[in-house]
Number of protein chains: 4
Amino acid sequence: MAEKFKYGLIGSSGRLGEEVKSVFDEYKNQLVFSYSLEGGIRKDIPEVIIDCSLPEVFERSIAYVKEFDSPLIMATTGLSNEQLQILKNISNSVPVVQSYNYSIGIQILLKLVSIAKEKLPDWDVEIEETHHRFKKDKPSGTAKMIQKIFEGKEISTSSLRLGNIPGDHIVHFGGLGEVLSIKHSATSRRTFAEGILKAAEFVLHKKNGFFTFTDVIF
Amino acid sequence: MAEKFKYGLIGSSGRLGEEVKSVFDEYKNQLVFSYSLEGGIRKDIPEVIIDCSLPEVFERSIAYVKEFDSPLIMATTGLSNEQLQILKNISNSVPVVQSYNYSIGIQILLKLVSIAKEKLPDWDVEIEETHHRFKKDKPSGTAKMIQKIFEGKEISTSSLRLGNIPGDHIVHFGGLGEVLSIKHSATSRRTFAEGILKAAEFVLHKKNGFFTFTDVIF
Amino acid sequence: MAEKFKYGLIGSSGRLGEEVKSVFDEYKNQLVFSYSLEGGIRKDIPEVIIDCSLPEVFERSIAYVKEFDSPLIMATTGLSNEQLQILKNISNSVPVVQSYNYSIGIQILLKLVSIAKEKLPDWDVEIEETHHRFKKDKPSGTAKMIQKIFEGKEISTSSLRLGNIPGDHIVHFGGLGEVLSIKHSATSRRTFAEGILKAAEFVLHKKNGFFTFTDVIF
Amino acid sequence: MAEKFKYGLIGSSGRLGEEVKSVFDEYKNQLVFSYSLEGGIRKDIPEVIIDCSLPEVFERSIAYVKEFDSPLIMATTGLSNEQLQILKNISNSVPVVQSYNYSIGIQILLKLVSIAKEKLPDWDVEIEETHHRFKKDKPSGTAKMIQKIFEGKEISTSSLRLGNIPGDHIVHFGGLGEVLSIKHSATSRRTFAEGILKAAEFVLHKKNGFFTFTDVIF
């Protein structure tokens, strides 16, 4: 159904990179260019480049985007403000999608929470996030994205660390007599690769512009 | 903050009627007219009439609405199609709000489910509803309202009966790698009285028209 | 089925006292003695006395227990160590049950958590408690009872405050690959009155002794 | 900490077999014998044999157990009554563990549910199980194991199918005023391999006997 395309992958040997390859492969898209510490390939000009590497690789990624004049899906986390600015500059000539979370469900959750917040201004709000025991930072980056929706208001946020849970987020709204809860559970990393695929399809025929993953979904 | 008003109450001695009085009283609105099997009062012309009685009382309610030329909040359940049509006719001269569920949270849930459904067309959907052991009908009326959102598609719906739970509804959306769930729990009947208050404030300065509780909230 | 008995009630006009009366009445037990700030009755010698009042009333309660030589169910919270010691002393002559939580389900939860803890020593543990927005203390007394099960180990405990939720408690155990959760939700105050009834039936034919509500249930 | 041992694996190329290898390897146990459709190895006499293959392979497995005079962990599902009887016969000479579910958490859940059932005989019970959309049978085998605890009583069981959820099971007990829920979520197949490791360590120094996984855990 969806259009097939040729893509490039920067950070192809990382955990997310491997998942991207697996999902893109399943949908019959063709890897024609890759770059990683373990080496890479260069078979053809990619119609879109996915970057799920590290901030240290950023400059090289930008160089490839310029060389191929190719749209960019930026999935690397921890970028500096300078790097984000460079992305915006380059988006004048090619389309760029940048996000710290390519889960489709989380985007829907953010949207639903915004609506509920607007309609239930007097209700109590509680955020909960649960992740595996190895996650050190509290609260999660996604919980911070949720907090931003309530700008100006401090939202109580509980962080639980349990076993190897990939990542759960819940936002509760509590009124006198009822509770409304919106919950997202990631059950595998695959979900992020699926989101990146949606982003790639989104930019394929765009001329240029800077987009978030929210733009892709809504 | 909110405007104070004089109201009439039909079905004032029922469980919901008592809750309406209690909540309206708390917000300093004044009961000037009431009707119930235990008798009633008639002190002044009500600015709005609340009906939370039985379908058998319907004709009398309409007579009062005409007599006082007063807006109507219809919270009686189990009305016939003829009665609904009469409501629509009378809404040409006074504003009418009619709903089978005045919980604000359920309205938000319905809205959020509609949005999620639109954005996640390929995801699996499961509805769950849990009520007290005394509830005979399965699934609940509210679960049926949720099912309607997915018109044309049959949605698997699980009904649990446990202790004296006032009423929980959950809609799950399941993709490959993530689950998004929207849940509403009623913790007391008060929530319905609060919704009726919102509806009353909504019609206070309307000229006429037929509204659902969804119109009130959104 | 259960034996009918005559009972006395101290603190009969409080919220819990009213619930106790309502439940005991439903089971055809007879109130023959009561004491509250609003006055009391004295029709007969009670076979058991329930105290759900305040620590300030403690001395008077003890005096009544001695006068009637009657078993005592102590449901007043916030007792001092001295008062607890007096209860233990008096339990040499009459049976006494003392607990800060007469919910049957919470007792089962405490038992189940103890077993799970023993069998899953290496799993992560997280406690969650959710109560209405008016509850000031964090964590709840019941959460502290749960923490005690893990003596010596500090257990992460999250406290959520939402609407008018009567009280939820969850204990999660997280291993690599699975999570086991034990959850209790109070849906009404009635549950505490039912537990007090069980305690009353438990002591009815006891000679003497000091008991917790755990002894009653297990 | 735990003792290292040499093991044999029948069904080594299946999904569970691969997970067993991965976990046993991590704990430094040594694979000295294996059998699968893709071939096998035979380096030494195994101290314990794990069978996670298919009923069709059963005879061969028994032959290996006899040849090596080795304890057996039987994790193959769908065995016939005749095959189970053969296992019991052979357990006179070697120790055998047989179960259809080697999740430690599920064993704890079964235990906790038994206790709760005994203590809450009058409460409503509801079982819920949620699995990935590809699971055809309803209810799950584990749900059936839970139902057996309530022998003689028909227990309402809801089956949800959502995305790729590995497997959730919940048992709710509902009284008038409270709900107690016991929930297990599998987050990966690894959990079963960990349970098989426990079973292997359990039989290592047993002389003979037939054991369930419940015996291993409790």
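Predicted model: local features only at pLDDT ≥ 70, side-chain atom pairs only at ≥ 80, totals over all residues.
Residues are numbered from 1 along each chain as its sequence is written, and chains are lettered from A and ligands numbered from 1 in the order in which they are written.

Two copies of a chain are related by a rotation about an axis and a shift along it. For chain D and chain C, a rotation of 180 degrees with a shift of 0.1 Å along its axis superposes the former on the latter, with an RMSD of 0.1 Å, the superposition being by least squares on the C-alpha atoms of residues with pLDDT of at least 70 in both copies. That is the relation of a two-fold axis. Among the residues of chain D, D:Ile182 comes closest to this rotation axis, its C-alpha lying at 2.3 Å. Of the interface residues of chain D, 100% are also interface residues in chain C, so the copies meet through the same surface.

Chain C is likewise superposed on chain B by a rotation of 180 degrees with 0.1 Å of shift along its axis, with an RMSD of 0.2 Å. The C-alpha of chain C nearest that axis belongs to C:Thr187, at 3.7 Å from it. Here, too, 100% of the interface residues of chain C are also interface residues in chain B, so these copies meet through the same surface.

Two packed helices are described by the angle between their axes and the distance between the axes. Helices (H or I, at least four residues) and strands (E, at least two) are DSSP runs numbered from the N terminus, while axes are lines fitted to C-alpha atoms, for helices over the stretch in contact, and angles run from 0 to 180 degrees between N-to-C directions. The contact (heavy atoms within 4.5 Å) is made by C:Ile108, C:Leu112, C:Ile115, C:Ala116 and C:Lys119 of H4(C) and by D:Ile108, D:Leu112, D:Ile115, D:Ala116 and D:Lys119 of H4(D). By class, this contact has eight nonpolar, no polar and two charged residues, where Ala, Val, Leu, Ile, Met, Phe, Trp, Tyr, Cys and Pro count as nonpolar, Asp, Glu, Lys and Arg as charged, and the others, Gly among them, as polar.

Within chain D, H4(D) also packs with helix H5 (residues 141-149), at an angle of about 25 degrees and with the axes 9 Å apart. That makes H4(D) roughly parallel to H5(D). In this contact D:Ile106, D:Gln107, D:Leu109, D:Leu110, D:Val113, D:Ser114 and D:Lys117 of H4(D) meet D:Thr142, D:Met145, D:Ile146 and D:Ile149 of H5(D). The residues of the contact comprise seven nonpolar, three polar and one charged.

In chain C, seven strands form an open sheet of mixed pairing in the order E3-E2-E1-E4-E5-E6-E11, two strands being paired if DSSP finds at least two bridges between them. Its edge strands, each pairing on one side only, are E3 (39-42) and E11 (209-211), and the twist averages 20 degrees from one strand to the next. Strand E6 (residues 95-98) runs parallel to E11(C), to which three bridges join it; the bridge partner of C:Val97 in E11(C) is C:Phe211. Helix H1 (residues 15-26) of chain C packs on the sheet, where it touches strands E1 (6-10), E2 (30-36) and E4 (48-51), and its direction makes about 170 degrees with that of E1(C). C:Leu31 has its place in strand E2 of chain C. Leaving aside neighbours within four places in sequence, C:Leu31 is in contact with C:Tyr7, C:Gly8, C:Leu9, C:Lys21, C:Ile41 and C:Lys43.

Chain B also holds an open sheet of seven strands, with mixed pairing and the order E3-E2-E1-E4-E5-E6-E11. Strand E2 (residues 30-36) of chain B pairs with E3(B) in the antiparallel sense over four bridges, and B:Ser36 has B:Gly39 as its bridge partner in E3(B).

Methods:
Heavy atoms only, no water. Parallel < 35°, antiparallel > 145°, perpendicular 65-115°, else oblique.
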